[in-house]
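Hi there,

Here is the structure I promised to pass on to you. Have a look at it first, and then read my notes below.

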Amino acid sequence: MTSQNADLVSEQAAGSRSLDKRYPITEEQIKSLHEKSWVSLPGFLDKADVSRIRDLLLDIPDRGFLSGPDSPDIDSTMLMLHDGTAFRNPKMMEFVTSPRITGAVVELMKVPEAVFVQDISFFKPVGTFEVPWHQDFSFWPFDRWGNLSIWIALEDMDDDMGVLQYLEGSHKEGPLGYIEVDRDIRDAYPQLRDMKVAGGKALKAGDAQAHWDITVHGSAANTGTRRRSALSVRFHRPDAIYNGIAHPHYDQFGMKPGQRFGDCPAIPRVGPNGVITD
Ligand SMILES: O=C(O)CCC(=O)C(=O)O
């Protein structure tokens, strides 16, 4: 651990989780992400901050997990999504680009700067179905993998509430394609069945976990007694290039295929200390 990180750890122990203060990422955590495909970030954020963000999201209309002309009506057993709130709400943008979050992102990604590309909530009411094992990469308009999602618990979560889980080492398989309806990705790629299932355990409000866009991940049904409220914040390399794949969130930025995300005026560039303004 560097002396700077040692200072951060003692500050953490003293209880400072302010959004202006860096989270003390350790070498072990960086290694976990790069070797095991995911990393646990205990005590990432202050309980009061995540509860404020949860309330902010609950105050705006949500949409259900399924969308499009053939999708069934939204019912109370679906994931409730709020997609791209930060691009409409300055308080949310301030939160997701705070040094607490972006400092951890660039250290984990091992890059000098990154771009903030998406926030999306996953509020999972009691009874909500499982999210099947999948990779995110194929759904998004990036020319390369390397997008990092930080999945934040906005409330305390018990083991039976469907906490996000991961197949350890799965990012080393590379991109494996879309989820096919009625086909388990582990049937298409049987070697995934040999991988350890990690994560998926109780979390406290403000704890977080992070994964790559090619990490195979999913979540069990919420069989608990309370809604499970989580927020994913997603970052990529500034030199990642828009490839034009249609997506309801990314379509809004008016990007041209071939354009770097770091050159899109609507997309914030971030570094260890928050937004980069030059
Ligand atoms: O919250 C969930 O259950 C799914 C989240 C997810 O797939 C993601 O953040 O990429």
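**What I found**

Serine 149 stands opposite histidine 211 in β9, and two strands count as paired here if DSSP finds at least two bridges between them. Before going further, please keep in mind that this is a predicted model: local features need pLDDT of at least 70, side-chain atom pairs count only at pLDDT 80 or more, and totals for chains, interfaces and linings use all residues. Residues are numbered from 1 along each chain as its sequence is written.

**The overall picture**

The protein has six helices and 13 strands. Helices (H or I, at least four residues) and strands (E, at least two) are DSSP runs, numbered from the N terminus. Of the 278 residues in the protein, 39% are buried. A residue is called buried if 20 or more other C-beta atoms lie within 10 Å of its own, exposed if 12 or fewer, and partly exposed in between, with C-beta atoms placed from the backbone. Among contacts in the protein with a separation of 6 or more, 82% are between residues 24 or more positions apart; a contact means that the C-beta atoms of two residues, placed from the backbone, lie within 7 Å.

How many of the six residues of β6 are buried? Six of the six are, and the strand is mostly covered. On one side sit Leu148, Ile150 and Ile152, on the other Ser149, Trp151 and Ala153, and both faces are covered. In a regular strand the side chains alternate between the two faces of the sheet.

β6 pairs with strand β9 (residues 208-212) through five bridges, running antiparallel. β6 also pairs with β11, again in the antiparallel sense, over six bridges. One example from that pairing is alanine 153, whose bridge partner in β11 is alanine 230.

Leu148, Ile150 and Ile152 turn up again in the largest nonpolar core, which has 63 residues: together with Val105, Leu108, Ala208 and Ala210, they touch the most other members. Such a core is a set of buried Ala, Val, Leu, Ile, Met, Phe, Trp, Tyr and Cys residues joined through C-beta atoms within 7 Å. β4 gives the most to this core, with six residues. Leaving aside neighbours within four places in sequence, isoleucine 152 is in contact with Phe44, Leu45, Val50, Ala208, Ala230 and Leu231.

**Around the ligand**

Which residues are around the ligand? They are Phe122, Val131, Asp136, Ser149, Trp151, Leu164, His217, Ser219, Ala230 and Ser232, where near means that the C-beta atom, placed from the backbone, lies within 6 Å. β6 (148-153), β10 (217-219) and β11 (228-236) each supply at least two residues of this shell. By class, the shell has five nonpolar, four polar and one charged residues. Ala, Val, Leu, Ile, Met, Phe, Trp, Tyr, Cys and Pro count as nonpolar, Asp, Glu, Lys and Arg as charged, and the others, Gly among them, as polar.

**An open sheet**

Four strands form an open sheet in the order β5-β10-β7-β8, with antiparallel pairing. β5 (131-134) and β8 (197-199) are at the edges with a single partner strand each, so one side of each has no neighbour in the sheet. From one strand to the next, the twist averages 30 degrees; the axes are lines fitted to C-alpha atoms, for helices over the stretch in contact, and angles run from 0 to 180 degrees between N-to-C directions.

Strand β7 (residues 165-167) and β8 run antiparallel and are joined by three bridges. Leucine 167 has valine 197 of β8 as its bridge partner. Is valine 197 buried or exposed? Valine 197 is exposed, because 12 other C-beta atoms lie within 10 Å. Not counting residues up to four places away in sequence, valine 197 touches Gln165 and Leu167.

**Two loop residues to look at**

Serine 37 lies in the loop between α2 (27-36) and β1 (38-41), and lysine 110 in the loop between α5 (99-109) and β4 (114-124). Phi is near 85 degrees for serine 37 and near 60 degrees for lysine 110. Most residues other than glycine have a negative phi, and most peptide bonds are trans. Serine 37 is buried, with 24 other C-beta atoms within 10 Å, whereas lysine 110 is exposed, with 9.

Enjoy exploring!
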